[in-house]
Each structure stands twice: as structure tokens, then as C-alpha cells.
Amino acid sequence: MNRSARALSLACSLAISCTPLNDELDGLLTPDAQSFPVVADALQPSCGTLDCHGQIGRNLRLFGGRGLRLDPQHTSAEGATTEAEYAASYRSLTALEPEALDSLLRAGGEVEILSLLRKARGREQHRGGVQLLPGDPLDRCLLSWLAGAVHQASCLRVAQKPRPVLHLP
Amino acid sequence: MLLLAACTDQQWQEHVAALGPEQPSIPMGPLHRSGQPCLLCHSPTGNAPELLAAGTVYRDPSATFAAAGVAVILIDARRQTYVTYSNCAGNFFVFPSEYQPQFPLWVSLRYQLSGQRVQVDMESPMHRDGDCGACHRPTAGPSSAGPVFLSDDPARLSMIPRSDCTGGQQ
């Protein structure tokens, strides 16, 4: 069992059960929608900025208070992420590869069956480069959510990560 | 592959055309096309000298007056910094030969106000390139953070000089 599979297996074993927290849409399992906002907040600074997946033309389209806004009256300069934006990001993420996602949630296995993980980990061509490494907080946040028991502390750690401190006179 | 290249080129041409022509009074150079997405042309696939990062700093959110002499501080994933300054049109730019950052790239602005140093930090980092104007368009909107500006505080703005430099030839 490789590291990715071990991580998902561990996340599953920490939860009472993986599947009851998942949602089902058109017969295909999708990860829990209710706990997605904390995951979306973690994805926002690494993936959802306006220069990356905060763009309407992307397959993975992430909305957020400081990124792409769903309501044309809102701006990227102010406001918090709305419920509708969390829902839109959830639909975009879960609709990327619905069959692969369903297979992973039902049977477990290699998480890099998802291009989301392959690209973010730099295993596949990704203009935005490597955004997470197996075992780091964003990785744990995503894997734990996929396993049905989101690890809030990991997600919050990424979402609230401070910017680098300037050491200039 | 040829078809893909042709599509990409046409898309690029449409983006450039949407920016409009050069202003006749402003020669092509460091003072031209304030507020526009510089790297559209100043990139390896563009038709102008390549820039690593570039943009325009304004005095306030209305983007009416440029802010000159503002320190634009870039800090990369390895915590390596580079400082450049906005010119009288508010434009700043960094050549690839000057700085080779590892993305993501964070940006801060620094300026003097009544002898005090004021710093403005960009909230989110840049991951793909340093094209500030691509996300910071002249007005804020659902896919724009609005212009890069120093302050929206009237008390503070009253102390910040206006640069009415347009880059035009005398």
C-alpha cells in the first residue's frame, strides 16, 4: 500500500464510517457537501486565486470572497464567500471526474485516480506547480474530506496560513 | 498542434485588440498602457520584451491618479525578496534577468507618509505569473480585485501627492 492509499485508509479508520457522510447524486457518490466550506476555504489561497482556478474558463472553478464571485454584483475585492459560492465550488469539484470519485468513495484505493490530486501534487502537468505534498496540511484536509471525516485543524491551518514576513529595513 | 497554435494565437490577438490602440501622445515604453495586463505582450509568447512581473499602482481606488515612487516588494516561496519602484505613470516592472522567484509570489507596497513608512500587503499570493493587471483591472468586479491602490482613507489620501504624469511627450 503506497503513502496515498495509507493516508486515505487512515482517514477512513478515524471516521466511524466513510460512506454515511457522503452524498449521492444521480447514483454516484460524492463527498460530504456540508463539511465542504472548510475545505473550500483551505483551497482558496492555494488554488482559488483569480490567476488560477478563480477563473470562469477553468474546468475546476473555485468561487470565493477574495476570488471569483458568483453574483455579478459582488467583487473580488470585498465580502465573504457565500453559501451559493461554496455550493458552486462543490459542484465544480465533484463534477470533474464523477465516476472516478464515486469509485474512490465506494471502494477506496489510490487517491491519485483523481486528476485533482495528481495535478496538485505535481504528478501531472500543472501550470500552478506543486500545491500540496502527501501528508501536508492541505493534503490531509482534502483526503480526510474525501474519507468522510474532514480534519478541520488541517484545513484551518492552510486557510489561516500567514503570508511570509518581510525582513527589510 | 498547428490548429491549437492557431487558436491560441487568435485568442491572444483578440485579447490584445480588446486593450485598444496605443495612446498617440505616449510613446511605447515604461510609461505606456497604465493599468493594463502587461504580460499579455511582455511574455515569452508575446511581442514585447519579456517581463517577470509588472503592473500599475494608483493613489486610490478610483484609479484616476498614479502613485509614483512606491516600493513594490516581491517575496517568493523561498523568502527571497526583490524591490522595484513605480514610475511617474504608476507603472512598475521586473525583468527575468533581475529576479528568478519560485512561485507563489507575495507582494507588498511601501510608501512614506509624513515621514512614516506605510505598508500595504496583498492578501493572496500569485501562483502563475506576475501579471498584476490581469486580476487588478481598473474597476472591481466578480473577477477583478480592482486597481492596485495605496489607500481609500480620505485623511491619508490628503497627504499623498498626486502624480498627474501621463507619460505623454512634451
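**View 1. Crossing of helices H2(A) and H7(A) in a predicted model.** H2(A) crosses H7(A) in the left-handed sense (left-handed if the near helix is turned anticlockwise from the far one by less than a right angle, right-handed if clockwise). H2 spans residues 36-47 of chain A and H7 residues 152-159 of chain A; they pack at about 30 degrees, and their axes are 8 Å apart. H2(A) is therefore roughly parallel to H7(A) (angles under 35 degrees). Axes are lines fitted to C-alpha atoms over the stretch in contact, with angles from 0 to 180 degrees between N-to-C directions. Helices are DSSP runs of H or I with at least four residues, numbered from the N terminus. This is a predicted model, in which local features need pLDDT of at least 70 and side-chain atom pairs pLDDT 80 or more, while totals for chains, interfaces and linings use all residues. Residues are numbered from 1 along each chain as its sequence is written, chains are lettered from A in the order written, and side-chain values use heavy atoms, without hydrogens and water.

**View 2. Residues between H2(A) and H7(A).** Val38(A), Val39(A), Asp41(A), Ala42(A), Pro45(A) and Ser46(A) of H2(A) meet Gln152(A), Cys155(A), Leu156(A), Val158(A) and Ala159(A) of H7(A) (contact: heavy atoms within 4.5 Å).

**View 3. Interface of chains A and B.** Contacts join 25 residues of chain A to 27 of chain B. The buried area is about 2,200 Å², 56% of it from carbon and sulfur atoms (accessible area lost on being put together, 1.4 Å probe, summed over both parts).

**View 4. Salt bridge of Arg163(A).** Arg163(A) pairs with Asp121(B) in a salt bridge, with the closest N and O atoms 3.9 Å apart (Lys or Arg side-chain nitrogen within 4 Å of an Asp or Glu carboxyl oxygen).

Note on methods. Helices (H or I, at least four residues) and strands (E, at least two) are DSSP runs, numbered from the N terminus. Angles under 35 degrees count as roughly parallel, over 145 as roughly antiparallel, 65 to 115 as roughly perpendicular and the rest as oblique. Buried area is the accessible area (1.4 Å probe) that two parts lose on being put together, summed over both.
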